[in-house]
Amino acid sequence: MANNDEHTTDRRGFLECMAWVGTGAVWTMAGGVLKGTPLEASPHRAAKGHGGLRFVQISDSHIGFDKPANTDVTATLREAIAKIKASPEPPSFVLHTGDLTHLSKPSEFDTLQQLLSELPVPVFYVPGEHDVLADDGKSFLQRYGKGTLGAGWHSFDKDGVHFIGLVNVVDLKAGGLGTLGRDQLEWLEKDVRHLKSSTPIVVFAHIPLWSVYPEWGWGTDDAAQALGYLKRFGSVSVLNGHIHQVMQKVEGHVSFHTAMSTAFPQPAPGMAPSPGPMKVEAERLRSLLGLSRVTFQAVNHPIAITDATLDT
Amino acid sequence: MRLRAAMLAVMAMAAPAHTGDIAIDNFAFTAPAITVPAGTTVTWTNRDDVPHTVVSTDKAFKSPALDTDQTFSHTFATPGTFTYYCSLHPRMTGQIVVNP
């Protein structure tokens with residue numbers, strides 16, 4: 001109970017700023033609001049070995065992509081996996097937030113599966129639009145659909161945190177953005193109905209659930225409805241991929257974060273004619289690819305998100 | 001294979017009197033609205049580094065995912081207005097007006 005007292009909503013007043021340190025920053029959430037801390041000054045670096053729930057988010061591995069922006073996406077995914085395995089504090093599990101493959105080919109799924117099977121922990125998936133190119137996503141669901149509903153949405157609990165994997169890449173409408181759809185929204189409403197408002201929520205989905213840059217399709221049309229069902233929760237973290245770069249935003253109790261790709265970078269919003277793969281000098285590539293490490297020291301303790309590039 | 005079969009089927013149906021070409025470039029259909037006479041075969045070519053699709057909103061035609069430099073063709077036999085989009089990047093839209 002002491003823990004609860006320690007983390008009343010007053011802690012929200014501690015939000016300082018959206019500090020950026022290149023692609024590496026630690027995001028600490030107290031009372032549902034993020035607090036930015038430069039990596040070098042992170043108190044969590046000193047907190048090593050204290051236990052707690054740790055997991056890693058990887059995203060946009062695009063197995064099968066072979067264009068100039070990265071001609072060997074298998075190698076960079078392998079490096080990301082090696083990074084996870086080498087961590088002195090292994091994660092409990094890994095989340096993959098979609099675009100496992102580039103063209104939904106069985107051979108691409110096979111390669112991905114083979115690579116990720118090297119991880120000694122479970123991996124949870126949601127599909128990206130590149131994973132449902134063929135057969136209405138059957139190839140994805142055959143491999144990763146067990147225990148999921150619809151196009152692959154699902155939830156699970158781990159150490160007191162409720163995780164919700166949403167799918168916003170199917171049945172997209174002409175002129176629109178990402179879509180969750182009525183069935184999934186109804187399921188979500190029911191899924192969280194019986195949870196205590198103090199339960200920390202982590203939502204993961206491919207396309208951002210906030211309006212990053214609608215001009216490039218970087219948003220989800222019916223995200224507001226989904227977030228409406230989560231309004232009463234004191235701590236909601238939304239983890240997305242799709243845009244191949246780190247971005248974050250805080251809105252009330254909800255913190256949004258997008259992860260880097262392991263395959264290729266994409267331009268910052270509006271900084272190129274299109275959001276297509278961005279070719280950079282070979283020596284810069286690995287400073288733009290990477291993964292996100294997420295830590296809950298304990299329920300009612302802050303969540304911390306650290307973005308780690310492949311070259312660090 | 002599916003693409004090739006679809007193209008052969010299209011070619012076998014009618015020897016088109018007209019053709020139309022639409023490139024897909026920078027996440028856009030480069031000729032977002034064109035008007036053609038009935039019987040025209042329109043060919044889309046993906047010039048991007050990422051796959052796109054060509055799907056009509058009324059499901060009259062639907063391409064497989066087109067990787068870089070792959071093409072999809074559809075012959076517009078009957079007059080009408082056909083709106084289409086990329087089902088992966090649905091903000092990409094286009095229109096074909098087919099005159100009698």
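This is a predicted model: local features need pLDDT of at least 70, side-chain atom pairs count only at pLDDT 80 or more; totals for chains, interfaces and linings use all residues.

Modeller: Residues are numbered from 1 along each chain as its sequence is written, chains are lettered from A and ligands numbered from 1 in the order in which they are written, and side-chain values use heavy atoms, without hydrogens and water.

Biologist: How is a pair of aromatic rings described?

Modeller: One gives the distance of the centres and the angle of the planes. Rings of Phe, Tyr and Trp (its six-membered ring) pair if their centres lie within 6.5 Å; planes under 30 degrees apart are stacked, over 60 edge-to-face, and the rest tilted. Over all chains, the search finds 25 aromatic pairs. In one of them, A:Phe65 and A:Phe264 are tilted, with 4.3 Å centre to centre and 35° between the planes.

Biologist: Why does the pair of A:Phe65 and A:Phe264 tie together parts that are 199 residues apart in sequence?

Modeller: Because A:Phe65 lies in the loop between strand S3 (53-58) and helix H2 (73-86) of chain A, and A:Phe264 in the loop between strand S11 (254-258) and helix H7 (282-285). Helices (H or I, at least four residues) and strands (E, at least two) are DSSP runs, numbered from the N terminus.

Biologist: Are A:Phe65 and A:Phe264 buried or exposed?

Modeller: Both are buried, that is, under 20% relative accessible area, where exposed is over 50% and partly exposed in between (1.4 Å probe, protein chains only). A:Trp153 and A:Trp187 are buried too.
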